[in-house]
Amino acid sequence: MLQQGIKASRNGGMGLAGGLSALAATVNGLFLRWRSRFGAKNCVIQLVLAPTAFGIWYFGLGALVVVSTAVVTCYITGLVLCLMEGRSPRWNHPGSILTGLLIGLTCGAATPLYMIVVGGIVAEF
(Lines give C-alpha, C1' and ligand atoms only; values in the text may rest on other atoms or scores of the structure.)
Protein backbone atom coordinates (compact mmCIF):
# COMPACT_ATOMS: atom_id res chain seq x y z
CA MET A 1 0.00 0.00 0.00
CA LEU A 2 2.79 2.41 0.91
CA GLN A 3 4.69 1.67 -2.28
CA GLN A 4 1.55 2.22 -4.34
CA GLY A 5 1.00 5.62 -2.70
CA ILE A 6 4.61 6.68 -3.31
CA LYS A 7 4.53 5.43 -6.90
CA ALA A 8 1.24 7.20 -7.61
CA SER A 9 2.44 10.47 -6.09
CA ARG A 10 5.59 10.34 -8.25
CA ASN A 11 3.49 9.77 -11.34
CA GLY A 12 1.17 12.62 -10.46
CA GLY A 13 -1.82 10.36 -9.97
CA MET A 14 -2.52 11.07 -6.30
CA GLY A 15 -0.52 14.18 -5.58
CA LEU A 16 1.21 14.94 -2.32
CA ALA A 17 -1.96 14.81 -0.22
CA GLY A 18 -2.87 11.41 -1.64
CA GLY A 19 0.60 10.03 -0.96
CA LEU A 20 0.51 11.31 2.62
CA SER A 21 -2.94 9.84 3.21
CA ALA A 22 -1.71 6.49 1.90
CA LEU A 23 1.27 6.72 4.25
CA ALA A 24 -1.02 7.59 7.17
CA ALA A 25 -3.30 4.65 6.36
CA THR A 26 -0.30 2.31 6.24
CA VAL A 27 1.06 3.53 9.58
CA ASN A 28 -2.40 3.29 11.13
CA GLY A 29 -2.76 -0.28 9.88
CA LEU A 30 0.64 -1.23 11.26
CA PHE A 31 -0.19 0.28 14.65
CA LEU A 32 -3.55 -1.52 14.82
CA ARG A 33 -1.89 -4.86 14.04
CA TRP A 34 0.83 -4.13 16.61
CA ARG A 35 -1.77 -3.23 19.26
CA SER A 36 -3.92 -6.27 18.57
CA ARG A 37 -0.86 -8.53 18.83
CA PHE A 38 0.69 -7.12 22.03
CA GLY A 39 -2.28 -5.46 23.75
CA ALA A 40 -2.91 -1.80 24.46
CA LYS A 41 -1.03 -1.63 27.77
CA ASN A 42 2.09 -3.24 26.31
CA CYS A 43 2.01 -0.77 23.42
CA VAL A 44 1.79 2.13 25.88
CA ILE A 45 4.77 0.70 27.77
CA GLN A 46 6.76 0.51 24.55
CA LEU A 47 5.81 4.10 23.70
CA VAL A 48 6.84 5.34 27.16
CA LEU A 49 10.26 3.68 26.91
CA ALA A 50 11.57 6.31 24.47
CA PRO A 51 11.08 9.30 26.82
CA THR A 52 12.37 7.15 29.68
CA ALA A 53 15.56 6.37 27.78
CA PHE A 54 15.99 10.06 26.92
CA GLY A 55 15.47 11.06 30.57
CA ILE A 56 18.06 8.54 31.72
CA TRP A 57 20.49 9.77 29.07
CA TYR A 58 19.89 13.45 29.90
CA PHE A 59 19.68 13.30 33.71
CA GLY A 60 22.15 10.47 34.28
CA LEU A 61 22.31 7.60 36.73
CA GLY A 62 20.06 9.36 39.25
CA ALA A 63 17.17 9.08 36.83
CA LEU A 64 17.97 5.42 36.19
CA VAL A 65 17.86 4.72 39.92
CA VAL A 66 14.56 6.59 40.29
CA VAL A 67 12.87 4.82 37.36
CA SER A 68 14.13 1.36 38.29
CA THR A 69 13.14 1.84 41.94
CA ALA A 70 9.64 2.91 40.92
CA VAL A 71 9.18 0.01 38.49
CA VAL A 72 10.50 -2.62 40.91
CA THR A 73 8.39 -1.24 43.78
CA CYS A 74 5.19 -1.22 41.73
CA TYR A 75 5.93 -4.66 40.33
CA ILE A 76 6.59 -6.25 43.74
CA THR A 77 3.57 -4.50 45.26
CA GLY A 78 1.37 -5.82 42.46
CA LEU A 79 2.65 -9.36 43.04
CA VAL A 80 2.11 -9.10 46.80
CA LEU A 81 -1.44 -7.80 46.28
CA CYS A 82 -2.23 -10.74 43.98
CA LEU A 83 -0.96 -13.17 46.60
CA MET A 84 -2.89 -11.42 49.39
CA GLU A 85 -6.12 -11.64 47.38
CA GLY A 86 -5.58 -15.31 46.67
CA ARG A 87 -5.15 -14.86 42.92
CA SER A 88 -2.31 -16.39 40.99
CA PRO A 89 0.33 -13.72 40.36
CA ARG A 90 0.87 -12.42 36.85
CA TRP A 91 4.61 -12.23 36.32
CA ASN A 92 4.37 -9.83 33.39
CA HIS A 93 1.56 -7.54 34.55
CA PRO A 94 1.81 -4.47 32.29
CA GLY A 95 -0.26 -2.24 34.59
CA SER A 96 2.31 -2.37 37.37
CA ILE A 97 5.18 -1.76 34.98
CA LEU A 98 3.38 1.19 33.38
CA THR A 99 2.58 2.69 36.79
CA GLY A 100 6.23 2.41 37.80
CA LEU A 101 7.41 4.02 34.57
CA LEU A 102 4.99 6.92 34.97
CA ILE A 103 6.01 7.47 38.60
CA GLY A 104 9.67 7.36 37.60
CA LEU A 105 9.10 9.88 34.81
CA THR A 106 7.15 12.19 37.08
CA CYS A 107 9.70 12.33 39.90
CA GLY A 108 12.96 14.16 39.54
CA ALA A 109 16.39 12.54 39.68
CA ALA A 110 17.01 14.04 43.13
CA THR A 111 13.80 12.66 44.66
CA PRO A 112 14.51 10.61 47.81
CA LEU A 113 14.02 6.90 47.21
CA TYR A 114 11.71 6.40 50.19
CA MET A 115 9.23 8.81 48.59
CA ILE A 116 9.30 6.79 45.37
CA VAL A 117 8.77 3.54 47.28
CA VAL A 118 5.83 4.98 49.22
CA GLY A 119 4.38 6.44 46.01
CA GLY A 120 4.64 3.08 44.23
CA ILE A 121 2.95 1.22 47.08
CA VAL A 122 0.13 3.78 47.32
CA ALA A 123 -0.35 3.80 43.55
CA GLU A 124 -0.73 0.01 43.41
CA PHE A 125 -3.29 -0.10 46.20
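**Exercise 1. Decide whether Trp-57 is buried or exposed.**

Step 1: take the cut-offs, where buried means under 20% relative accessible area, exposed over 50%, and partly exposed in between, with a 1.4 Å probe and protein chains only. Step 2: Trp-57 has 66% relative accessibility, so this residue counts as exposed.

Before going on, some ground rules: this is a predicted model, where local features need pLDDT of at least 70 and side-chain atom pairs count only at pLDDT 80 or more, while totals for chains, interfaces and linings use all residues. Residues are numbered from 1 along each chain as its sequence is written, and side-chain values use heavy atoms, leaving out hydrogens and water.

**Exercise 2. Classify the ring pair of Tyr-58 and Phe-59.**

Step 1: rings of Phe, Tyr and Trp (its six-membered ring) pair if their centres lie within 6.5 Å; planes under 30 degrees apart are stacked, over 60 edge-to-face, and the rest tilted. Step 2: the centres of these two rings, Tyr-58 and Phe-59, sit 5.0 Å apart with planes at 90°, so the pair is edge-to-face.

**Exercise 3. Work out how Phe-54 and Trp-57 are placed relative to each other.**

Step 1: Trp-57 belongs to helix α3, residues 40-59 (helices are DSSP runs of H or I with at least four residues, numbered from the N terminus). Step 2: Phe-54 and Trp-57 are three residues apart in α3, so about one helical turn separates them. Step 3: in general, an α-helix has 3.6 residues a turn, so residues three or four places apart point the same way. Step 4: Phe-54 itself is partly exposed, at 48% relative accessibility.

Now widen the view: ring pairs join Phe-54, Trp-57, Tyr-58 and Phe-59 into a cluster.

**Exercise 4. Compare the span of helix α4 with the expected one.**

Step 1: the expected span is 1.5 Å times one less than the number of residues. Step 2: α4 (residues 61-84) has 24 residues, for which 34 Å is expected. Step 3: from first C-alpha to last, α4 reaches 34 Å, close to that expectation. Step 4: look just past α4, where Gly-86 takes a positive phi of about 85°.

**Exercise 5. Which side chain does the side chain of Ser-96 contact?**

Step 1: locate Ser-96 in helix α5, residues 94-106. Step 2: Ser-96 is buried, at 1% relative accessible area. Step 3: its side chain makes a polar contact with that of Glu-124 at 3.2 Å (a pair of N or O atoms within 3.5 Å; within protein, one must be able to donate a hydrogen and the other to accept it, and residues adjacent in sequence count only if both atoms are side-chain atoms).

Key: Helices (H or I, at least four residues) and strands (E, at least two) are DSSP runs, numbered from the N terminus.
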